[in-house]
Amino acid sequence: MSKSLKYVMVALYVLSITACNAQIKNKNTETVKIYGNCGMCKSTIDKAGHMKNQANVDWDKETKMATIAYDSLKTSKADILKRIALAGYDSDSFLAPDDTYSNLPSCCQYERGKEVSSTMDMSANDHSQHSNTMTKMKDNNPLSAVFDNYFALKNALVQTDGATASTSAKNLSTAINDVKMGKLSNDVHIVWMKILDNLKTDAQKIADTKETSLQRQFFTSLSNNMYEVIKSSKQETPTYYQYCPMANDGNGANWLSKAETIKNPYYGSQMLSCGKTVETINK
């Protein structure tokens with residue numbers, strides 16, 4: 001290819017990027033590191049992050065840095081990085097599923113090191129003995145500690161114990177942040193990234209109060225999102241998806257339980273057996 005043709009192609013590419021960026025309203029521009037190797041990686045990364053009139057990504061294969069321009073009222077940097085991760089490319093915020101990475105062309109299989117996973121997979125030295133125990137629990141299933149802490153939170157609400165519920169929610173937040181997303185199967189990975197922000201928000205809001213009436217409000221949303229991820233993952237024992245028509249100001253609300261016997265977390269001893277099992281998951 002002649003130098004003049006190369007210059008023309010570069011100029012056309014710059015013009016196309018400029019035109020795309022000009023159409024983005026409420027524009028935020030950020031620079032983030034995304035791991036990759038070659039021109040084929042650039043094509044995939046840019047395409048995965050692009051959304052017409054909402055987001056544009058320009059990745060540099062030499063520096064591994066991507067310039068992300070996006071409409072802050074319609075999308076976010078996190079959503080863009082999630083899409084790029086699902087295409088097979090790690091950032092410091094989101095890791096690609098292992099099977100998606102392994103299916104990349106050999107020239108695109110960049111080195112995945114500790115630097116990439118450092119923000120996702122915290123060292124055991126950063127946590128208490130309790131957190132170390134949770135890490136061991138996650139050896140077989142990366143989400144085991146998340147599920148176990150959710151059920152501990154549910155049991156605390158059954159007992160109308162706001163203090164224990166708050167502690168369980170803090171443990172749940174830690175477990176959520178400790179999940180090694182690269183170890184999730186592709187199907188679970190997609191669901192997990194979709195609900196991750198909501199899980200973090202609800203768990204933190206429950207942790208921040210000891211008023212069970214407030215905790216139960218956030219527990220409704222938390223349970224709905226937890227259902228999505230449990231439904232997509234494989235469990236060794238059944239999980240029961242249960243429903244109380246009286247909860248949530250009479251609009252009804254669901255929760256998950258490891259026991260089929262109804263123990264209502266929304267009313268506790270006031271209406272302990274109010275509700276029914278509407279679905280048995282992974283039986």
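Leaving aside its neighbours within four places in sequence, which residues is Met193 in contact with? In this predicted model, the partners of Met193 are Lys82, Ala85, Leu86, Phe94 and Met181. Met193 itself sits in helix α9, which covers residues 186–207. Its relative accessibility is 2%, and because buried means under 20%, Met193 counts as buried.

A second place to look is the pairing of two other helices. Two packed helices are described by the angle between their axes and the distance between the axes. Helix α7 (residues 144–158) and helix α10 (residues 212–232) have axes that come within 12 Å and cross at roughly 145°. The crossing of α7 past α10 is left-handed. On the α7 side, the contact is made by Val146, Phe147, Tyr150, Phe151, Leu153, Lys154 and Leu157. These meet Gln215, Arg216, Phe219, Leu222, Ser223, Met226, Val229 and Ile230 of α10. Sorted by type, the residues of this contact comprise 11 nonpolar, 2 polar and 2 charged.

The buried residues of α8 include Gly162, Ala165, Ser166, Ser168 and Ala169. Further along α8, Leu172, Ser173, Ala175, Ile176 and Asp178 are buried too.

Notes: Residues are numbered from 1 along each chain as its sequence is written. This is a predicted model: local features need pLDDT of at least 70, side-chain atom pairs count only at pLDDT 80 or more; totals for chains, interfaces and linings use all residues. Side-chain values use heavy atoms; hydrogens and water are left out. Axes are lines fitted to C-alpha atoms, for helices over the stretch in contact, and angles run from 0 to 180 degrees between N-to-C directions. Helices (H or I, at least four residues) and strands (E, at least two) are DSSP runs, numbered from the N terminus. A crossing is left-handed if the near helix is turned anticlockwise from the far one by less than a right angle, and right-handed if clockwise. Contact means heavy atoms within 4.5 Å. Ala, Val, Leu, Ile, Met, Phe, Trp, Tyr, Cys and Pro count as nonpolar, Asp, Glu, Lys and Arg as charged, and the others, Gly among them, as polar. Buried means under 20% relative accessible area, exposed over 50%, partly exposed in between (1.4 Å probe, protein chains only).
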